Every structure is written in C-alpha cells, then in structure tokens.
Amino acid sequence: MRRSRRQRNGGGGGGSGQRGVRVAVAFAVLLGCVMALVGGAAAQAPRLPTDYETLSGAAPLVVAKGGFSGVFPDSSQGAYSFAMIASAPDTAMWCDVQLTKDGVGVCLQDINMKNCTTVDQAYPARERTYVIDGVRKTGWFVSDFTIAELQSVFLTQAIWSRTERFDDIYPIVSVTDFRSLVMPSPVWLNVQHGIFYKQHGLDMRNYILSIKKRVSMDYISSPELGFLKNISGRVGRKTKLVFRFLDKALLDHSINQTYGSLSSNLTFIKSIASGVIVPKSYIWPVTKDNYLLPSTSIVTEAHNAGLEIYASDFANDRIIPYNYSYDPLAEYLNFINDGGFSVDGVLSEHPITASEAIGCFTKLNSNKNDHGEPLVISHNGASGDYPDCTNLAYHSAIDDGADFIDCPVQVTSDGILMCMSSTNLLDTTNVQRTTYSSLVSVVREIQPQPGIFTFNLTWADINSNALKPKISSPVSGYSLVRNPRYTNQGKFLKLSDFLAIAMDKDLSGVMIIIENAVFLVNSLGIDIVDSVTTALSAAGFSNHPTKEVLIQSKDSAVLVKLKQQKTKCKLVYTLPSGIGDASNSSLKDIKQFAEAVVVDSKSVFTLSSDFIIRQNSLVQDLHSAGLALYAEVFRNEFVAQPLDFFGDETVEINYYVQSFNLSGIITDFPKTVRRYKKNTCTVLGKDMPSYMQPPQAGSLAQFLQTFKTQPPSLPPMPTLSSSSVEEPPLPTVASRGVSDGSSSRGTRTPSTPSDAHTATVSAGTLLVMVFAALLI
C-alpha cells in the first residue's frame, strides 16, 4: 500500500546541514548496530552447491533492491549498509538511476519523488504533471530539481505497512557516492525512463557512458530495449545488460512492442542483452483468489536462448500466494530449488531471506524427523493452513514434521471429550449461522462475552453437516486471512480418535491441554482430569515405551492433582502472558508441580511500536529454576513478529533457538519449524554465515536513538508472583453427589450449568453478537 502525504515523524529536527552531519556521524553507529543485529562480524559464507539449475550452474544471485529497503527507505545509506552486512557476501546492490535537472545521477526508487522523499515539504509549490510512458502523473519529479536543491530533501518509506521511524533521516545518494558506499559489492544500475529524460533535455545514455570509468557497473538493466541497444558495446565487457520485463500488457515505447510479445521472442533479446528480469508472475502465475497455477516454461526458454533470468518483486511484507502459508522463504525456494528449475537471481527488498534460502535451505539435511530438541509442537494442528483441531489440521501437522500434536480438550453436553481450540463455538465454527444460534448465553466463569459452548451441544450436533469448522484468523485485523479455499473444511475429532491417530504415526507424542477444570466440576459434574487420564490409558499411552504425553494447563490445581496421582505424563504449566520476570517464590511453587513451562514468545521482550527495546529476564529465570521451556505461538504472518525479525519467521525461530535453550516451539505452521531444523548452516559453528546468526535484541531501537526517533520507552513488564500461581485444590465430583462416571465415551449426561453461573441473552444482544461474528 502506497503512502499518501502525511505528517512526518520529524526525524530529529534541525536544518538539513545539521541532519547531514548527524547522518555522517551516525554511520559508524549504524554499522556497529548492524553488526550487533546479526550477531557480530560476518563469518565466512557456507560452501554453496554448484549444481543449481541456473544457466552457469552457480548459486543464484541475491540483488538487494535499493539495499535493505524492506526496513530502511529505499536507496538510503542505511539500506545499503544494512544489506551489505545482513546478506550474502556477493549480494548485488541495486540503484534505480534518476537524473537531476543539471544532469547528476542519483539513486531513487521512482522518478516521482512524492511518495519516497520529503520533497513536498521542502518545495510545496513545485508540483508538476507529466505524461510518462503514456500515463499522466502528478508529483515532484527528479528532473525538475538540481542536485543542490535536493540537498534539503530526505528519503522516506513508500510502503504504509512499514515503519516510518527511519524517515527524514537519510539524504539522497548520488550514483558516484553509491558506488563508494557499497564497495566491494557488485553494482546493479537500473535505468527506467530514458525516453522521458531525453524529452526533457537529459540523456541517460550519455550519462551512463560518462561515469563508466569512475563507477564499475556489473549489471545495467532497463525496461527500454532501445536504451540497452544504444549502450551495447559501449560499456565494459564485464558489464551484463539485462532487459527488464514489465506487465505483459504494457508497451516498451523504445521499440513499440508489448512486453507480452517480447517474452515470446527471447532469441531477439539475446542479440542485445545477456539476461532478463521478470516479475514473479511470469514464472509462477497466480489465480484471482491468490493460489499458484502451474509454472510456465519461461525459465527453460530463457536458458535455452542463452539468457540468464532473474525474478523480481520479492518482499517479506506482501501478501504472497496462499500456497506458501505466509512463509517468504518458501516462496524463494520455489524459484530456486523446489519448482524443478532455478532462476539466476532474485530481486529482493529483504535480502536476508533470499540469502538464507540460497545459502542454507536449498540442500536440506536428509534426516527425516530427528525428534530432537527443540521439539516441533503443533498449535491446534497445522492451524495456519486448516481450521483448528480438525482432521485436516492434524494430518497436515504430521505430514509437515511435527514431533507432538496437541489437543485442547473440550466436553460436549453428552460427555464426549473432543479436541477444539476454544470451548466457545463462535470462535471455531459457523454456529451463528445454524439453528443452534439460539443457545447463546453468558458463562461468566469462562468469559464475560456471550457464547455458544461445546457443552451446549451433543457430539452428534457438533459432528453434523450443519456445523462447520472455521479457520482461525489471528491477524485478520490486518486483512490477512488464511487459506480461504479451506475456510470451513475438515471434521472435528473425539479425543479417542485424536489419540488413535497419534499412536499410529511417527510422533514423539501428544500435548493435551486441560482448561476450565473448576467450571466443569462445579457446573457439569465432570472431573476432566480423571476423564483425560482414563482416555490416555484406554488409548495405550499410559505405559507406552516411546510415546510421551505432555499435559499442559494454566491452572496449577490441575497439575497439582496430576502430580499427586503420580502420573507418568510430563506436566507443563502455562505462564500468564504479559509478564517479563518471575519471583523466586513463584518459581519454587511451579517446580513443585511442573517440569516445564509454556511462555508467550512476546514475554521474552519488551516491545514498543513493534520494536524490541529490551530483552526481559524471564527466560533466564526459568532456566535457573531448572524448568524446561516451550515457547508459543509462532506464526508466519509478517505482522505477527517484531520488526527486528524483518517479517521472516525463520529469522524469529533462529533467534529463539540460538539464543535460548528451548525444549519446544509451539507453532501454527509446523512445516516452517521443521524445515528450519534441517538447515545446513547452524551446524557450521564459527563458519556460520552472518545472515544466519541471531539478531541482537533491541539493536534497531538502539540505532534510532541516534536520531531521537526511537519508539517510546516503557516500564518493565510485571513480575510473576506466588499469588498468581497458587490455587485452591480442584473440587471433587463426589462433593456434589455426582456418581463417578467420568468416561470420555459419554456414558453419563452432565447436568446443565446452574443459573448462578449462566445468563441468557436478549434477542437484541444476540443480533449484535451474531452480526459481529459474521463480520469475523
């Protein structure tokens, strides 16, 4: 999404001269922070395979578009410096060349500076309208300003979803300064509007030829084939000319042919250029509902014509086809390894991810599921791809390499134990669209909002064709939805069926989550703890030699009871979210009934405006107490991660694995974690490349302090106390005069919740609630 004009964040105030001095002074600070962010000095790159299906057989080239423009403003000093440290050593640096009024070349992502600089603030009266490549555009154009005038203009991010805290810091970089800045990295100059400049008395061809002795140019690309023809033979022999394809329907005005027609005449292009760069959709077309179609043959056709072919438009914070499960690394692999072919390079705004893909994930370790720590534990099955706790989600999690699959246990009105991520059917099903919508009520012990609960329906009701699961959308507020074709697919499982699947598959075991235990005893007469242990025994888990059972609960009373029963299951306590520390007394209490804890991954840091501003002491406290640590919930969507991880879930996983001694990772996307465990770089020790070293928490925020644009400081997060851990013992079914018949097979019909705990909802409230659910 492009930004409209808006108030900038100030960037530290002061005149342009002062800011220029601060940028120069801060450059060393930036390099120090970048080195810290990627874990120290760049280590030697891993030995790369030489059997890629590229034209030369060498590894594909990473091209950093405007540097690391997914974080810093495109073509800024910060973006280029960051890309050089956080990417593969031979990453090429891309500069979109524009010409000023006095013929000086600068690096700017667009000839129209409206959305990528502060030019509208510096020169509000100099807005103009031009026709460029047949399209009428209004804004502030580079060719209307001298290089001296642009000294008071600073770079900004052009993408709304990205942070603006690096705006109004960096001056525009000239092409000659760009060459000095990025040495010794390969240089890639992209020339976009040669025809327009010539119409305004500027000659891009002459400019490129005039700097060839001062600026080594490894690659020159252009969407104007006529421009490439004019400089062919006049630049150095080592300079590769690359024709850049745009949308197939658009016209290359230099030769009056559409890009679509030119794509079928690659032999002609080979007579002028040594390579082509194409949008991703030229290689992997996409349906209207954002799923991949079969790949085209253009990579093979380009190679047969003797052309290198590069793919463009890679960024971690875009909505990519749903086939990739919001995993940008998976998308790269489909272009360089998994698709049966390999492009010769990728143009990326997040070059760290491209570097990981090529350097560490194209030749995965061959071991299947090693079941070593950190364990891969599903979160409601593979809930990133299929509705929570359905047969589809569980089978996908197993196929994707989960070590443990999980079951949050709920109870139906006829006493059947089942797996469902929430006891409130409004969260997990389409119940508001069925005849069961009249069962809405408020159960205060569970939640203050109205709901329709599993214990309101029989198992037959829940398993009927009328009631369908609903895929979870934890980041739907950002208009990011999951696998829409499977929104309502799959069937829920009884606990007994879930356990049978787990027993039959190559899994380390199962994680059983017990919740609402007190309510189930008091209101329904069900001892959920005894019911679960009975089901586990019946399924053969009690004395199984290899299958392990983890029982997780946020209720210490549940785990205390299991501990008293001398269970062989591993007991796991779920810590409250939002804590950053734990008192010694609370840790001592936890150790009395649990061997391990589940911690919210966001409790490890203090976040401000999505930046990590400091690492909390919680993990250190837990390890010091001798507690095993499971972290949750890891998600692929870029908005689910702090900005320090660059929208790349692999970077986040890598940080947790290398920084903390995790026993397990609980994830909506088991495939992503399993693939990480098979990478070939983290086993290299001191030779591990810089882009696979864990970032240092808080380094980005530390750098912003130089310009006084850092996110707001926040107080320490709360400390876990003993009072938050201690609970009274669970009530017993016998104390309420209910017979001991807590079978998971439904031999007893539980009592309905008492009026003291349940309130009906008025028709008006029901309509509001149903409407809200429909919006979700």
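1. Val-639 sits in the loop that runs between β26 (628-634) and α22 (649-659), where helices (H or I, at least four residues) and strands (E, at least two) are DSSP runs numbered from the N terminus. The model is predicted, so local features need pLDDT of at least 70 and side-chain atom pairs count only at pLDDT 80 or more, while totals for chains, interfaces and linings use all residues. Residues are numbered from 1 along each chain as its sequence is written, and side-chain values use heavy atoms, with hydrogens and water left out.

2. With a relative accessible area of 25%, Val-639 is partly exposed (buried means under 20%, exposed over 50%, partly exposed in between, with a 1.4 Å probe and protein chains only). Leaving aside neighbours within four places in sequence, Val-639 is in contact (heavy atoms within 4.5 Å) with Val-475, Tyr-478 and Leu-480; the C-alpha atoms of Val-639 and Val-475 are 7.4 Å apart, although 164 residues separate the two in sequence.

3. Ser-87, in the loop between α2 (77-86) and β2 (92-99), is buried, with a relative accessible area of 3%. A polar atom of the Ser-87 side chain lies 2.8 Å from the backbone oxygen of Ala-83, and, not counting residues up to four places away in sequence, Ser-87 touches Pro-351, Ile-352, Ser-355, Ser-690 and Tyr-691.

Definitions and conventions
A polar contact is a pair of N or O atoms within 3.5 Å; within protein, one must be able to donate a hydrogen and the other to accept it, and residues adjacent in sequence count only if both atoms are side-chain atoms.
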